[in-house]
Amino acid sequence: MKIGLVLSGGGAKGAAHIGVIKALEEYNIFPTHISGTSAGAIVGALYAQGIGWEEMLNFFKTIPIFRPSKYARSKPGFINTEAFYNSFKHFFPEDNFKALKKPLFVTATNIVDGSLKIFSKGQLIKPVLASASFPGVFTPTEINGSYYIDGGTINNFPIEPLKPECDKIVGVYVNPLKKININDLKHSYTVIERAYRIKAAYESTTKFNDCDLIICPEELANFSVFDMNKIETVFNLGYTTTKKILMEQEAVVSNLKVKTALK
């Protein structure tokens with residue numbers, strides 16, 4: 001039985017994905033295929049490589065995303081994405097999708113023509129970096145003559161590559177829409193930003209029905225995409241939320257366990 005795991009984007013909130021994986025494995029649920037974007041692409045790649053949750057969490061805590069030495073000069077972004085290549089190379093010594101232990105799909109957005117690209121073969125690290133290149137903050141990543149940014153720009157919940165491949169799909173969404181009061185919308189730009197967030201959330205949540213199990217820690221709405229000081233808290237939210245859902249949905253969990261055992 002093939003079980004897919006789709007991991008949304010969310011910046012630092014992506015650490016919740018690691019907590020989810022820990023909880024799933026404690027319930028003997030082991031996804032066989034992974035699709036991710038942005039932070040979900042990073043976690044997905046590490047998981048597909050066979051790296052355990054503790055080392056994944058350490059990765060999120062220690063990769064120096066905001067060190068001044070990583071800042072770009074004369075480039076369209078504050079942080080030079082490609083400066084992280086060597087950090088990733090440590091975890092992926094063979095820079096190729098075929099070296100992974102599980103099939104992986106990574107999405108990125110072509111910044112020039114606006115198309116969505118799904119990477120699943122060839123070089124691995126650059127597509128993962130591209131997928132996590134938050135627009136305006138990280139520089140676009142060049143791959144085979146094209147330039148890519150955050151996959152979440154177009155598709156923040158890339159379930160599509162898994163649907164033809166998997167019998168069951170577990171979805172993890174770490175960008176819940178924050179509840180606000182009308183008085184919070186004090187300026188025109190806050191209204192525009194809110195509209196963008198509503199659109200992104202709507203496009204993602206409409207796909208939840210295609211999943212057999214959905215994990216969406218609502219409390220993550222209170223955290224920032226760049227809240228790197230709360231990694232442990234975010235991780236624990238992913239873990240505890242997943243444990244609660246798995247306990248509540250015994251029938252679904254039992255089905256996933258049985259089918260996984262037969263894979």
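Contact here means heavy atoms within 4.5 Å. This is a predicted model, in which local features need pLDDT of at least 70 and side-chain atom pairs count only at pLDDT 80 or more, while totals for chains, interfaces and linings use all residues. Residues are numbered from 1 along each chain as its sequence is written, and side-chain values use heavy atoms, with hydrogens and water left out.

**Stop one: isoleucine 18**

Select isoleucine 18, in helix α1, residues 15–26. Helices (H or I, at least four residues) and strands (E, at least two) are DSSP runs, numbered from the N terminus. Isoleucine 18 is buried, at a relative accessible area of 0%. The cut-offs are under 20% relative accessible area for buried and over 50% for exposed, with partly exposed in between (1.4 Å probe, protein chains only).

Now show what surrounds isoleucine 18. Setting aside neighbours within four places in sequence, isoleucine 18 is in contact with Val43, Trp53, Met56, Leu57, Phe60 and Phe235. For valine 43, draw the C-alpha to C-alpha distance to isoleucine 18: 7.0 Å in space, for a pair 25 residues apart in sequence.

**Stop two: helix α7**

Follow the contact of isoleucine 18 to Phe235, one of the buried residues of α7. Select residues 231–248 to see the whole of helix α7. From first C-alpha to last, its 18 residues reach 26 Å, close to the 26 Å expected at 1.5 Å a residue; the expected span is 1.5 Å times one less than the number of residues.

**Stop three: threonine 37**

Move to threonine 37, in strand β2. Threonine 37 is buried, with a relative accessible area of 0%. Its side chain is joined to that of serine 131 by a polar contact of 3.5 Å. A polar contact is a pair of N or O atoms within 3.5 Å; within protein, one must be able to donate a hydrogen and the other to accept it, and residues adjacent in sequence count only if both atoms are side-chain atoms. Not counting residues up to four places away in sequence, threonine 37 touches several others, among them Leu7, Thr107, Asp150, Asn155 and Pro158.

Which value does phi of asparagine 28 lie near? Phi there is near 60 degrees, a positive value in a residue other than glycine. Most residues other than glycine have a negative phi. Asparagine 28 lies in the loop between α1 and β2 (33–37) and is partly exposed, at 48% relative accessible area.

Finish at asparagine 144, in the loop between β5 (141–143) and β6 (146–150). Phi of asparagine 144 is also positive, near 50 degrees. Asparagine 144 is exposed, with a relative accessible area of 71%.
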